[in-house]
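Here is a short briefing to read with the sequence and the model side by side. Have your viewer ready, and let us walk through it topic by topic.

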Amino acid sequence: MPHTLPPLPYDKAALEPYIDATTMEIHHGRHHNAYVTNLNNALAGNAALEALSVEALCKDLSAVPENIRTAVRNNGGGHWNHTFFWNIMAPNAGGAPSGALADAVSAAFGSFDAFKEAFAKAGVGRFGSGWAWLVKKDGKLAITSTPNQDNPLMDNSGTPILGLDVWEHAYYLKYQNKRPDYIAAWWNVVNWAAVADKFAA
């Protein structure tokens, strides 16, 4: 199988109390694992596509045959998005960015608090399931949102440096239908050092 489920970079209980261990176990072990399995099934028998990274697949969906394109979009997107998501969170994290990233946030949004408000609005305002993103494009930062398991790589709207999963499976066990409460708590686990690395790259 060309694609595999990456291990979590921390224990499933490490993001407590903000994201509970049971949610992490289900989210990673079942949801993310299903995207990997379904992506491999969709690509089976197509050696050229099997050889591509999931990022390459997301960036050029037009090269994927139409009969499997939706499956690759949904499951390849789900695999890439979740791998990204796990790695921009960490225990004992949160706070605010510093250095060049902090300067770019202030330049784009006026202040860190204004950025948080705009980003949360994108997450709360995403109807149904999807993601909120902070992207870098032409050296500047912008906030965007995508439905389902789409991501900014698919429409070239920028390079993601921060992403938030607002599918109900990401928060429903702990927060029920209170998505704003989940987003408010999530800031406590954002790994700004990892985001800064993505910004610098």
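Which residue just after α5 takes a positive phi? That residue is Gly110, with a phi of about 100°. Please keep in mind throughout that this is a predicted model.

- Helix α5 covers residues 99-109, and its buried residues are Leu101, Ala102, Ala104 and Val105.
- Looking down the axis of α5, you will find these buried residues within an arc of 160°, so they line one face of the helix.

**The three-stranded sheet**

- The sheet is open and has 3 strands in the order β2-β1-β3, with antiparallel pairing.
- β2 (140-147) and β3 are the edge strands, each with a single partner, so one side of each has no neighbour in the sheet.
- On average, and ignoring direction, neighbouring strands of this sheet are turned by 20° against each other.
- Strand β1 (residues 130-137) is joined to β2 by 8 bridges, and the two run antiparallel.
- To follow that pairing by eye, find Leu134 opposite Ile143 in β2, and Gly130 opposite Pro147 in β2.
- β1 and β2 make a hairpin with 2 residues between them, and in the turn Asp138 has a positive phi of about 55°.
- Helix α6 (residues 112-125) lies across β1, β2 and β3, and runs at about 135° to β1.

**Aromatic rings and charges over them**

- The structure holds 18 aromatic pairs.
- In one of these pairs, the rings of Tyr171 and Tyr182 have centres 4.9 Å apart and planes at 20°, so they count as stacked.
- Tyr171 sits in the loop between β3 (159-165) and α8 (172-175), while Tyr182 belongs to helix α9 (residues 179-186), so the pair ties together parts 11 residues apart in sequence.
- Are these two tyrosines, Tyr171 and Tyr182, buried or exposed? Both of them are buried.
- Ring pairs also link Phe109, Phe112, Phe115, Phe119, Trp186, Trp187 and Trp192 into a cluster.
- Two lysines lie over ring faces: Lys136 is 4.4 Å from the ring centre of Phe199, and Lys174 is 5.8 Å from the ring centre of Tyr175.

**Asp150, in a loop**

- Asp150 lies in the loop between β2 and α7 (152-155).
- Why does Asp150 count as buried? Its relative accessibility is 12%, and the cut-off for buried is under 20%.
- Leaving aside neighbours within four places in sequence, Asp150 is in contact with Arg73, Asn81, Trp131 and Trp133.

- Leu5 is found in the segment before α1 (21-43), and counts as partly exposed at 26% relative accessibility.
- With neighbours within four places in sequence set aside, the contacts of Leu5 are His28, His32, Asn33 and Val36.
- Leu5 and Leu43 are 38 residues apart in sequence and 16 Å apart in space, C-alpha to C-alpha.

**Val189, between two helices**

- Val189 lies in the loop between α9 and α10, and is buried, with a relative accessible area of 2%.
- How many residues separate Val189 and Ala90 in sequence? They are 99 residues apart in sequence, and 5.4 Å apart in space, C-alpha to C-alpha.
- Not counting residues up to four places away in sequence, Val189 touches Leu15, Tyr18, Ile19, Ile88, Met89, Ala90, Ala93 and Gly94.

Notes:
Residues numbered from 1 in each chain as written. Predicted model: local features only at pLDDT ≥ 70, side-chain atom pairs only at ≥ 80, totals over all residues. Heavy atoms only, no water. Phe/Tyr/Trp six-rings, centres within 6.5 Å; stacked < 30°, edge-to-face > 60°. Helix = DSSP H or I, 4+ residues; strand = E, 2+ residues; numbered from the N terminus. Buried < 20%, exposed > 50% of the residue type's maximum accessible area, 1.4 Å probe, protein only. Lys NZ or Arg CZ within 6 Å of the ring centre and 35° of its normal. Pairing = 2+ DSSP bridges. Axes fitted to C-alpha atoms, helices over the stretch in contact; angles between N-to-C directions. Contact = heavy atoms within 4.5 Å. Arc of directions from axis to C-beta.
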